[in-house]
Amino acid sequence: MIIVTLRFFSVLREAFGAGVAEVELDPGTTGQGLIELLAANNDEFAAIQSVVRLAVNDEYVELDLQLSDGDEIALITPVSGG
Amino acid sequence: MLQVWIDITDQPLNASEVHSFLYESNGGGVCVFAGVTRLETNGKISTSLSYEAYKSMALKEIRRLADEASQRWPILRAVVLHRIGTVVVGEPSVLIGVATAHRGPAFEATRFLIDELKKSVQIWKKESFEDGSQEWVAASWQDLD
C-alpha cells in the first residue's frame, strides 16, 4: 500500500469534514482512480467531481498519473478569490 | 530590475504601504486596484466574505502571473496582496498595484493581474448575509468576472 495526504478546501473541506486526510491506496492508483474512490464514498464529492482538478505536490497533474507514496494531493475546485 | 511584493495574509491590507512601495519605483504611472467586500449582491445584503487559500500553490500561481505580466508590460514594481479569513463590508480583500514609466501599461497590467487572479489562483470565498445565511461563491473554471 501507499500512503498519500489529501488536502480539501472550501466546499470539499466541508463535504469531507476535514482539510487534511491521510489515505492508503493500492500501488498504481491513478488520479482518476482516487477521484472514483472518493466519489464512491462521498455523495457531495460525486456531484461535483467533474470540475475537480488534482494537484500533486503543488503542480496540476493529468488524471492518468500514478500516485506515489508520500504525495501531497490537493483537490482543487473552481477558484473564487478576489 | 522588477521588484514584486506578494503576500497572502490574515491581517488587514494597508493601501498606503502599497502606494509607498510603488512610488519608490521612480516610475511615472502607478495604478492600484482594490477588491472590496460589497454590501449588496443580487438584492441580498452581505455582512462579510470569508476567504481560504491553498497558500503554497496560490503564492506560486501569483508569482507566475506577475512574471507573465512583466514579460508583457515594462513593469518596474508590482504588488499582489490577498487577505484570507473574514473581510467585512467596506474592507479590501485584495490589493493589486503596478508601477510603470507611463500610465498606460500600469492600467493594463493591473487589470490583467486581477482578472487572472480571479480565474486561476487557489483561493475561495464564502459569503455571509445579513439574514444569517452563508454560501460558497459559485464559480466555474471559465468565469471571467
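**Fold, chain contact and local features of a predicted two-chain model**

Among contacts in chain B between residues at least 6 apart in sequence, 75% join residues at least 24 apart. The model is predicted, and the values given here are computed from it. In chain A, residues 24 or more positions apart account for 56% of the contacts with a separation of 6 or more.

The secondary structure of chain B consists of 3 helices and 9 strands. Read from the N terminus, these elements follow the order β-α-β-β-β-α-β-β-β-α-β-β. The radius of gyration of chain B, 15 Å, is close to the 15 Å that the globule rule gives for 145 residues, so chain B is as compact as a globular protein of that length. The C-alpha trace of chain B spans about 50 × 30 × 25 Å along its principal axes. Of its 145 residues, 34% count as buried.

Chain A contains 3 helices and 5 strands, and from the N terminus its elements run β-α-β-α-α-β-β-β. For this chain the radius of gyration is 12 Å, close to the 12 Å that the globule rule gives for 82 residues, so chain A is as compact as a globular protein of that length. Taken along the principal axes, the C-alpha atoms of chain A fill a box of roughly 35 × 25 × 20 Å. The buried fraction of the 82 residues of chain A is 26%.

The contact between the chains draws 23 residues from chain B and 14 residues from chain A. On the side of chain B that touches chain A, two or more residues come from each of β4 (44-53), α2 (55-72), α3 (103-120) and β8 (123-129) of chain B. The element that gives the most to this side is α3(B), with 4 residues. Sorted by class, the side of chain B that touches chain A has 13 nonpolar, 6 polar and 4 charged residues.

Two of the elements that contribute to this side, α2(B) and α3(B), also pack against each other within chain B. Their axes come within 10 Å and cross at roughly 150°. With angles over 145 degrees counted as roughly antiparallel, α2(B) and α3(B) are therefore roughly antiparallel to each other. The crossing of α2(B) and α3(B) is right-handed. From α2(B), the residues B:Glu61, B:Ile62, B:Leu65 and B:Ala69 take part in the contact. They meet B:Ala109, B:Phe112, B:Leu113, B:Glu116, B:Leu117 and B:Ser120 in α3(B).

B:Leu2 is partly exposed, with 14 other C-beta atoms within 10 Å. When residues up to four places away in sequence are not counted, B:Leu2 touches B:Ser70 and B:Ile75. B:Leu113, one of the α3(B) residues in the contact with α2(B), is 111 residues from B:Leu2 in sequence, while the two are 15 Å apart in space, C-alpha to C-alpha.

B:Asn42 is placed in the loop between β3 (40-41) and β4 of chain B. With 4 other C-beta atoms within 10 Å, B:Asn42 is exposed. B:Asn42 and B:Glu24 are 18 residues apart along the chain, and their C-alpha atoms are separated by 41 Å.

Most residues other than glycine have a negative phi. A:Ser10 has a phi near 45°, a positive value in a residue other than glycine. A:Ser10 is found in helix α1 (residues 10-16) of chain A, and A:Ser10 is buried, with 26 other C-beta atoms within 10 Å. A:Asn57 likewise has a positive phi, near 50°, and is a residue other than glycine. The place of A:Asn57 is in the loop between β3 (53-56) and β4 (59-60) of chain A. A:Asn57 is partly exposed, with 13 other C-beta atoms within 10 Å.

Methods: Residues are numbered from 1 along each chain as its sequence is written. Chains are lettered from A and ligands numbered from 1 in the order in which they are written. This is a predicted model: local features need pLDDT of at least 70, side-chain atom pairs count only at pLDDT 80 or more; totals for chains, interfaces and linings use all residues. Two residues are in contact if their C-beta atoms, placed from the backbone, lie within 7 Å. Ala, Val, Leu, Ile, Met, Phe, Trp, Tyr, Cys and Pro count as nonpolar, Asp, Glu, Lys and Arg as charged, and the others, Gly among them, as polar. The radius of gyration is taken over C-alpha atoms; the globule rule is 2.2 Å times the number of residues to the power 0.38. A residue is buried if 20 or more other C-beta atoms lie within 10 Å of its own, exposed if 12 or fewer, and partly exposed in between; C-beta atoms are placed from the backbone. Axes are lines fitted to C-alpha atoms, for helices over the stretch in contact, and angles run from 0 to 180 degrees between N-to-C directions. Angles under 35 degrees count as roughly parallel, over 145 as roughly antiparallel, 65 to 115 as roughly perpendicular and the rest as oblique. A crossing is left-handed if the near helix is turned anticlockwise from the far one by less than a right angle, and right-handed if clockwise.
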